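Hello,

Here is the structure you were going to look at. My notes on it follow below.

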Amino acid sequence: MDFKAIFTAQLASVLNGQLSEEAISDLIETPKNPAHGDLAFPCFTLAKAFRKSPASIAEEAAFLIKGPYIEKAKAAGPYINIFFSKGAAGADILEVILKKGKEYGLLKDGAGKTAVLDFSSPNIAKPFSMGHLRSTVIGNALGNLAEKCGYTAVRINHLGDWGTQFGKLITAYKKWGNPDKVKEHPIRELLSLYIRFHVEAEADPSLEDEARSWFKELENGNKEAQALWNWFRDESLKEFQQVYDRLGIHFNSYNGEAFYNDKMKPVIKELMAKDLLAESDGAEVVQLPDEDLPPCLIKKSDGATLYATRDLAAAFYRRENYQFDHSLYIVGQEQSIHFRQVKSVIKKMGYEWADSMKHVPFGLYLKDGKKMSTRKGRVILLEEVLDEAVLLAKNSIEAKNPGLENKDEVAEAVGIGAILFHDLKNDRMNNIEFSLEDMLTFEGETGPYLQYTNARAYSLLRKADDLPSAANGLSEPYSWEIIKLLYQYPEKLRQSYRQLSPSVLAKFLIDVAQNFNKYYGQVRILEKDAGIQARLALVKAVTIVLTDGMQTLGMKVPRQM
């Protein structure tokens with residue numbers, strides 16, 4: 001059953017073909033005030049065709065609208081407001097949700113198609129900081145949404161495992177590193193060395209030249225440089241994996257920048273063959289004046305390759321190996337020009353599939369209003385934040401429900417879920433001020449609020465002697481508002497992915513939870529009367545949508561709290 005389609009069909013029949021069904025559907029609105037109806041249609045665009053005022057058209061058309069599930073149609077000024085039959089429509093919606101269960105919301109938009117998602121991408125030999133959280137959780141949520149929409153999602157962690165920063169790290173390690181300390185606490189010590197390099201380089205600029213020299217040695221296959229690089233990479237991956245395991249995030253590929261070192265030559269050769277390379281101050285670039293972009297630097301004057309060169313090679317590799325229908329780069333907004341350049345170069349090479357590459361930017365986590373920076377030491381380690389969040393969650397659980405089984409497991413789910421949801425409920429383009437207190441509030445629009453609401457619904461189902469059944473339907477307004485929301489779930493998943501915005505889904509889940517808690521406060525759900533099975537059907541449907549929605553965002557969902 002499709003409410004909008006029912007209303008659209010009725011309007012099309014009474015408007016005598018003045019508007020196509022597609023045009024009618026695009027104009028249909030959902031009133032903010034439920035008292036004004038379930039759906040509404042504005043008649044302004046019809047005034048010229050009918051030579052009447054919009055209010056007169058609405059009055060005449062409303063009188064003619066009748067159909068299945070329609071309780072009444074009513075004119076309100078220039079609007080036609082439609083009210084659906086709460087009992088009959090609600091019963092059918094709940095029956096569908098209960099029957100489909102975990103599969104409710106699955107779509108076929110991307111059936112047979114592949115979406116490649118490049119996200120997280122931390123830098124080797126640096127700790128996993130809060131600065132990496134946004135790319136990681138937004139990318140994971142978009143991967144889950146792609147799968148909900150029917151796509152095959154290929155998740156790629158394009159590790160920052162190459163570049164001049166490794167020349168800096170090798171230089172710092174050789175000058176000030178202590179092998180025993182590095183072995184005991186690899187990432188902590190490597191971070192300390194990296195920060196020290198930049199402090200020392202301010203007083204001694206020659207260190208920058210030494211670092212560039214060591215990176216060139218690494219590119220040329222110097223055994224000492226390569227051994228250090230492999231060691232830094234292996235230790236980093238072990239630490240990263242611990243974080244990914246806690247966040248419940250997986251990847252299909254960890255091919256980072258270094259993976260493409262032997263795949264750049266064919267791209268550069270093709271650029272030369274197509275006469276797209278130009279010399280600029282000894283470097284080789286692709287000029288992009290028509291795109292109003294600065295030149296895309298392919299090779300430095302010393303012959304070293306760049307980030308853009310590897311991203312070009314990566315794009316061709318992914319296209320050849322995955323045949324993607326679209327390729328998403330979930331990377332901070334400061335890289336917008338870079339991705340526009342890469343896409344433009346591929347288009348100039350004659351490949352129209354470049355249009356299917358899309359940069360998905362996002363805002364920053366701020367600390368005291370400033371961008372977090374590893375080189376300046378202004379960094380908050382994600383693992384420490386996770387530990388603190390879990391500890392605070394456990395303290396709250398101890399206070400509220402000391403007899404709860406699996407307290408450690410629930411605290412892990414609640415603490416980490418709080419951090420994930422705090423990020424994803426925000427529009428991805430907004431900057432977020434880091435505040436653990438805001439993340440872990442158990443009231444308001446938070447992850448713990450969602451998890452607690454869902455656990456409350458599961459508790460009702462455990463206490464009930466009756467089985468959920470949607471057969472008789474529900475007619476009071478509190479249940480109808482929830483049912484209408486639950487009905488929108490598949491479309492919210494679609495919108496969230498099409499807009500590449502997990503916040504659409506996150507905000508929807510908050511609406512469901514708030515309406516359910518309002519219902520819980522107004523209706524005696526477990527009262528033994530003729531409507532108990534239908535009320536339990538509603539509770540069960542709420543658990544299906546909240547559980548699936550939170551899991552799609554990457555959260556774990558405890559059934560007791």
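Asp-548 and Lys-148 form a salt bridge, with 2.7 Å between the closest N and O atoms; a salt bridge here is a side-chain nitrogen of Lys or Arg within 4 Å of a carboxyl oxygen of Asp or Glu. The pair links distant parts of the chain, 400 residues apart: Asp-548 sits in helix α22 (residues 532-553) and Lys-148 in helix α6 (residues 133-148). Helices (H or I, at least four residues) and strands (E, at least two) are DSSP runs, numbered from the N terminus. Asp-548 is buried, at 12% relative accessible area, and Lys-148 is buried as well, at 8%. Buried means under 20% relative accessible area, exposed means over 50%, and partly exposed is in between (1.4 Å probe, protein chains only).

This is a predicted model: local features need pLDDT of at least 70, side-chain atom pairs count only at pLDDT 80 or more, and totals for chains, interfaces and linings use all residues. Residues are numbered from 1 along each chain as its sequence is written, and side-chain values use heavy atoms, with hydrogens and water left out.

By the salt-bridge rule, the count comes to 28.

- Asp-408 and Lys-394 meet through their side chains in a salt bridge (2.6 Å, N to O). Asp-408 lies in helix α16 (residues 407-424) and Lys-394 in helix α15 (residues 382-400), so the pair ties together parts that are 14 residues apart in sequence. Lys-394 counts as partly exposed, at 29% relative accessibility.
- Lys-52 forms a salt bridge with Glu-60, and the closest N and O atoms are 2.8 Å apart. Lys-52 is partly exposed, with a relative accessible area of 36%, and Glu-60 is partly exposed at 42%.

On the strands: there is an open sheet of three strands in the order β6-β7-β8, with antiparallel pairing. Two strands pair if DSSP finds at least two bridges between them. The edge strands, each pairing on one side only, are β6 (277-280) and β8 (296-299). Neighbouring strands of this sheet are turned by 45° against each other on average, direction ignored; the axes are lines fitted to C-alpha atoms, for helices over the stretch in contact, and angles run from 0 to 180 degrees between N-to-C directions. Strands β6 and β7 (residues 283-286) run antiparallel and are joined by four bridges. Ser-280 stands opposite Ala-283 in β7.

Regards
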